[in-house]
Amino acid sequence: MEWRVIICSIILSIFLLCINAAEEVKLTVKGVNSIAKTDDNFICATLDWWPQNKCDYNQCPWAKSGILNLDLENKILTNAIKAFGHLRIRVGGSLQDQVIYKVGKPAKKCPHFKKQETGLFGFSKGCLHMDRWDQLNNLFNQTGAKITFGLNALIGRNQSSQDNSLMTGKWNHKNAHDFMKYTASKGFKIDSYELGNELCGSGVARRIEAEQYGKDMIVLKKLVHKMYPDPSTQPKVLGPGGFYDEEWFNTFLQTSGPNVVDGLTHHIYNLGAGVDPTLIDKIQDPFFLDQVAQTHKDVSTTVKLYGPWSGAWVGEAGGAYNSGGKSVSHTFVNGFWYLDQLGMTSTFNHKVFCRQALIGGNYALLNTTNFIPNPDYYGALLWHRLMGKNVLSATHNGSPYLRAYSHCSKKTAGISVLLINMSNSTTFEVSVVEDMNLYPNEENKSLEDISGDSNQREEYHLTPKDGNILSDVLLLNGTPLKLTESSEIPSMNPQLIDAALPITLAPDLIVFATLKGFKAPACS
């Protein structure tokens, strides 16, 4: 009997050892050359036009966060934008193609957005008064934001008698002309103008044929050249700002021609509806998240084949549409989707990624009512500060629940890596190895070999409060990230780890790490 107890004890010990043992993973980073390149200001967030009575699924999560009613004097808002140095902000969204600019002769009538069953997205036309535009630009100037402004692309068009969704005719650019003239005369800095929102392909509420849209982009480009004759301050031209349709996008670029479209913008809502009860499962499923990779690849291919003068942008991405998931999109777990998307799109040579939204709805980087940063805000800020524009190949043969991306470090020597452990049960021990592919007969160099004089690694471990992945309180290296007493964004300091040791990723953990001793020719 005694020997049976001993054997059972040994088996149990082995079993417990196995389930507690970390999975060792070798992450190979190729530092010889970059595989893609982002813009210096890759991180972007949106401000939307939605009024307070924008509601989905019996909830109205926008409150006073729209462009026309947002509190522009809020200190948290100001400090949150300032923390990025030059945060890209896209001013636009579903209602932008119903906005009239209160400037010039054609804009005598300038109504407020009102609920209207026959209107686009259930709303009437709305108005942007120039005093509000002045106030917005005061905020942008104060915070150093880089602005993309979405123009109304439906002015001058008519509904097709055969297809209610199809809008025909040329774009009437007179109101846009007067708006640009006013903007330029005030010295307001605009990084780029984008024409229309979700009017491409089959459209969402309305659509425009690719050939006509391409011709309208030429008109916009000429208008920008006229209003901003100095090439050093000339805004870029973006479009079409909608969901990717290969044939439509190809025709659009072919029609507009060389050096017209500077940024080819497409939108991503790959998680489905915000009300979907399986939303949290999708976010934690790497196989589901991988499905959108083909879209990013196809957009990149379209640019390469038909618009090499341009660059691919994700112009809007909220994950889950209709304002996001009420109990999911503003919490820690949403970072699995968001940060993975940043990593994925950068490998497919996308220049910019605009998150819907900076504030508003359930998916915002800032809480809609109190402006306190949600977990994804800090993830975006760390990416902006650590991940440089040169993208490196980073591969491993471990579990698909371990996501890994690497870039040249932004402000230091070496590389930065982003590691996401989507597993809720497995711990990974990740060793970063160097594959310069210069001496194929030699084994890859390990962390210990490449650490050199930089014998410490900087690590930023992001976890949710109390281990609850649906928490909207984020911990950095075990300490909650909270605003200072003066409403400033808190400092985000790394922990220093022996560079020869592997990076430990507990379940449900996100890690940024900077390896200063990693010799990558692509980063020199």
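User: How do you sort the lining of the largest pocket by class?

Analyst: You get seven nonpolar, seven polar and three charged residues. The sorting goes by residue name: Ala, Val, Leu, Ile, Met, Phe, Trp, Tyr, Cys and Pro are nonpolar, Asp, Glu, Lys and Arg are charged, and the others, including Gly, are polar. Before we go on, this is a predicted model, with residues numbered from 1 along each chain as its sequence is written. Local features need pLDDT of at least 70 and side-chain atom pairs 80 or more, totals for chains, interfaces and linings use all residues, and side-chain values use heavy atoms, with hydrogens and water left out.

User: Why is it called a pocket, and what volume does the largest pocket have?

Analyst: On a 1 Å grid over the protein atoms alone, a pocket is an open set of points with protein on both sides within 12 Å along at least five of seven lines, whereas a cavity is a set where a 1.4 Å probe fits but cannot get out. The largest pocket has a volume of about 440 Å³, taken as the space filled by probe spheres set on points joined across faces, edges and corners.

User: What makes a residue part of the lining, and which ones lie nearest the centre of the largest pocket?

Analyst: A lining residue has an atom within 4 Å of a point. The largest pocket has 17 of them, and Ala 145, Phe 188, Lys 189, Ile 190 and Asp 191 lie nearest its centre. Helix H3 (130-143) gives the largest share, three residues. Helices here are DSSP runs of H or I, at least four residues, and strands are runs of E, at least two, numbered from the N terminus.

User: How many cavities of 30 Å³ or more does the whole structure have?

Analyst: The search finds four, and the largest cavity has a volume of about 60 Å³. Its lining includes Thr 38, Trp 383, His 407 and Lys 410. Strand E17 (387-395) supplies the largest share of that lining, three residues. By class, the lining divides into four nonpolar, four polar and four charged residues.

User: Why does Gln 341 count as buried?

Analyst: Gln 341 counts as buried because its relative accessibility is 1%, and buried means under 20% relative accessible area, with exposed over 50% and partly exposed in between (1.4 Å probe, protein chains only). Gln 341 sits in helix H10 (residues 334-347).

User: What makes the link between Gln 341 and His 296 a polar contact?

Analyst: Their side chains are joined at 3.1 Å. A polar contact is a pair of N or O atoms within 3.5 Å; within protein, one must be able to donate a hydrogen and the other to accept it, and residues adjacent in sequence count only if both atoms are side-chain atoms. So the 3.1 Å pair falls inside the limit. Gln 341 also touches Ile 268, Asn 270, Val 292 and Phe 353, among residues beyond four places in sequence; touching means heavy atoms within 4.5 Å.

User: Is Asn 172 buried, exposed or partly exposed, and how do you know?

Analyst: Asn 172 is partly exposed, because its relative accessible area is 37%. The loop between strand E9 (167-168) and helix H4 (174-185) holds Asn 172, and its side chain reaches the backbone nitrogen of Lys 174 at 3.0 Å.

User: And why is Thr 331 put in the buried class?

Analyst: Thr 331 counts as buried because its relative accessibility is 0%. Its side chain reaches the backbone oxygen of Val 328 at 2.7 Å. Beyond four places in sequence, Thr 331 is in contact with Pro 375, Ile 469, Leu 470, Ser 471 and Asp 472.

User: What makes something a nonpolar core, and how many residues does the largest one have?

Analyst: A nonpolar core is a set of buried Ala, Val, Leu, Ile, Met, Phe, Trp, Tyr and Cys residues joined through side-chain atoms within 4.5 Å. The largest has 122 residues, and Phe 140 is one of those with the most contacts inside it. A second, separate core has 23 residues, including Ala 404 and Leu 509.

User: What stands out about phi in Asp 466, and is the residue buried or exposed?

Analyst: Asp 466 has a positive phi of about 60° although it is not a glycine. Asp 466 counts as exposed because its relative accessibility is 73%.
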